[in-house]
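This report covers strand packing, charge pairing and a chain contact. Please keep the structure in view while reading.

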Amino acid sequence: MDSPTAPLPAASTDPRIDTILDIVARETKIDRDRLQLDARTNDLGIGSLDLTLVVFEIESHFRIELPFALEPPTDKSMTVGTLVDQVLQVLEARTNKSVGG
Amino acid sequence: MTIGKRRVAVTGLGAVAALGHDVAALWRALVGGECGIRPIANIPTDRLTARTAAEVLGFDPNDYFDARRLPMLDRTSQFALVAARDAIGQAAPDGIAALGLETRKSGVVFGAGLGVQTIDSSYHTFYGEGSNRLHPFTVPRIMPNAPASHISIDFGLRGPSFATASACASSTHAIGLAFHMIRAGLLEFAVTGGSDASLTVGHVRAWDALRVLSPDACRPFSKDRAGLVLGEGAAVLVLEEWEHARTRGAMIHAEIVGFGMSADAGDITAPDEAGATQAIDAALGDAGLKLTDVHYVNAHGTGTRLNDRNETAALKRVFGVHAKQLAVSSTKSMLGHCLNAGGALEAVAAVLSVRDDVAPPTVGYRALDPECDLDYVPNTARRHPIGAALSNSFAFGGLNAVLAFRKAV
């Protein structure tokens, strides 16, 4: 199943994705192997409060703020990949901003 | 009036306090006259004047809650849930579902329990450290109905449920209202009580500032009493419509028979003899008890000069010559003043005194005060027949609540 947003780099090529998935696993106590990018958060049993906590921990780790109204957490089409993609977009925006000066 | 004849049984008791993490351990310690007041261990004391409290030590929430649940629970709700499991485990050893209750007639009436430790640490993070990183569960952890809500969620109780706020009488008001709601037919089964975990440096310092804290011990009714000592904990009572409890063969600890309330409408902190008298009178009237039916009073007994003198005067005014025959004790001398949980812990002690015919003592008692001249069961518990007992709570704000319990027959 495709992620509804931009294509994602493979997990093996971007260590940040591993970090994000580690945080998701730690906060939701869901087996790390089940956190495939195309897995729907709803199917994994990740509720809105879980997601709030995950976002909080990701923000703390990367020192970023996620504009998390982008995709309502209860949206059934939300996947692990959607979350990862949103984090990466914010991280990329920060990198570009600091490069562009 | 038919509904006036409904009776209410106490079928479960639970507690977490300085003297034990379950009600059995707590009661053994109270009857043994053990004192839970010790030098403060859980928080730094360098900025405090009063450095003793009745803390719950050795309580590891991981022993009770899994890692996914815990971030949602302030210590106040943790205590409440542990005490609720203790009480409901007694009342319904095979689970609540086995009781065949209507969930819409099963509710939680609980003393308001602010998440004070969460407030304290969040303020420190936000104002002290200047960080905007507040935990996303800060609000649901702090809200004063959190203990009531978590109990309702854990046990699937879908009937009328809410939190009561009247400072140190909060849980007494909760128990009394739960009792009246069952008697009136609004509930068949109620989980009630209170929880308090507010021993943070800031909160203890605020009590310090009010100049009501004793520098060392809590010595209620003793001539050398010097103030109250704070404590923490929770207590839960399971109340049940009498015939339901009887029919299912429940173990009934005691019958709850009376509840009286009043407001001093006077000073915000100083107690008032007329207000206390009115609440005790109301409880006795509600219970239909004769003065001589009452053998034990679990006093509000804070250990402040004013409260103990005022409470003694009120008991003498209500009971007249029988006042001298009463056993009156303050378990705050052992458990500290547990604020929102105080009334519930003391109600548990009153219920067990009636069940077991033993009055727990007032420990730390040393010298007779001419203004406090009743029998305070000094330092050693006393075994004697207790047909009925009262539990008094006289809160800051002048809001008073008194419960009456009778031996189950």
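Which side chain meets D373(B) in a salt bridge? The partner is K316(B), at 2.8 Å from N to O. The model is a predicted one. D373(B) sits in the loop between strand 11 (358–359) and strand 12 (382–383) of chain B, while K316(B) belongs to helix 10 of chain B. The two residues are 57 apart, and the pair links distant parts of the chain. D373(B) is partly exposed, at 24% relative accessibility. K316(B) is partly exposed too, at 33%.

**Charge pairs**

Over all chains, the structure holds 30 salt bridges. Four of them are listed here.

| Pair | N to O distance |
|---|---|
| D373(B) and K316(B) | 2.8 Å |
| R69(B) and D154(B) | 2.9 Å |
| R26(A) and E57(A) | 3.7 Å |
| D50(A) and R68(B) | 2.7 Å |

R69(B) pairs with D154(B) in a salt bridge. R69(B) lies in the loop between strand 3 (52–53) and helix 2 (75–91) of chain B, and D154(B) in helix 5 (residues 146–155) of chain B; 85 residues separate them. R69(B) has a relative accessible area of 23% and is partly exposed. D154(B) is also partly exposed, with 30%.

In chain A, R26(A) forms a salt bridge with E57(A). R26(A) is in helix 1 (residues 15–28) and E57(A) in helix 3 (residues 48–62), so the pair ties together parts 31 residues apart in sequence. R26(A) counts as partly exposed, at 44% relative accessibility.

Salt bridges link R225(B), R305(B), D308(B) and D369(B). R305(B) lies in helix 10 (residues 305–319) of chain B. At 40% relative accessibility, R305(B) is partly exposed. Beyond its neighbours within four places in sequence, R305(B) is in contact with K223(B), R225(B) and D369(B). R305(B) and K223(B) are 82 residues apart in sequence, yet their C-alpha atoms are 8.6 Å apart in space.

**Buried strands of chain B**

Is strand 4 of chain B buried or exposed? Of its 6 residues (106–111), 6 are buried, so strand 4 is largely enclosed by the rest of the structure. S106(B), V108(B) and F110(B) point one way, and G107(B), V109(B) and G111(B) the other. Strand 4 runs parallel to strand 6 (residues 189–196), with 5 bridges joining them. There, V109(B) has T192(B) as its bridge partner. Strand 4 also runs parallel to strand 5 (residues 162–164), over 3 bridges. F110(B) is partnered by A163(B).

Strand 7 (residues 233–241) of chain B has 9 of 9 residues buried, so the rest of the structure largely encloses this strand. Both faces are covered, and E240(B) and E241(B) are among the buried residues. Strand 7 pairs antiparallel with strand 6 over 8 bridges, where D196(B) stands opposite G233(B). Strand 1 (residues 8–17) is antiparallel to strand 7, joined by 9 bridges. V10(B) has L239(B) as its bridge partner.

**The chain contact**

Chain A gives 12 residues to the contact and chain B gives 9. Together they bury about 900 Å², 64% of it on carbon and sulfur atoms. R68(B), R133(B) and P136(B) supply 63% of the area that chain B buries against chain A, more than any other three residues. The interface has 2 salt bridges, and D50(A) with R68(B) makes a salt bridge. There are also 5 residue pairs in polar contact across the interface. The side of chain B that touches chain A comprises 6 nonpolar, 1 polar and 2 charged residues.

Notes: Residues are numbered from 1 along each chain as its sequence is written. Chains are lettered from A and ligands numbered from 1 in the order in which they are written. This is a predicted model: local features need pLDDT of at least 70, side-chain atom pairs count only at pLDDT 80 or more; totals for chains, interfaces and linings use all residues. Side-chain values use heavy atoms; hydrogens and water are left out. Contact means heavy atoms within 4.5 Å. Buried area is the accessible area (1.4 Å probe) that two parts lose on being put together, summed over both. A salt bridge is a side-chain nitrogen of Lys or Arg within 4 Å of a carboxyl oxygen of Asp or Glu. A polar contact is a pair of N or O atoms within 3.5 Å; within protein, one must be able to donate a hydrogen and the other to accept it, and residues adjacent in sequence count only if both atoms are side-chain atoms. Ala, Val, Leu, Ile, Met, Phe, Trp, Tyr, Cys and Pro count as nonpolar, Asp, Glu, Lys and Arg as charged, and the others, Gly among them, as polar. Buried means under 20% relative accessible area, exposed over 50%, partly exposed in between (1.4 Å probe, protein chains only). Helices (H or I, at least four residues) and strands (E, at least two) are DSSP runs, numbered from the N terminus. Two strands pair if DSSP finds at least two bridges between them.
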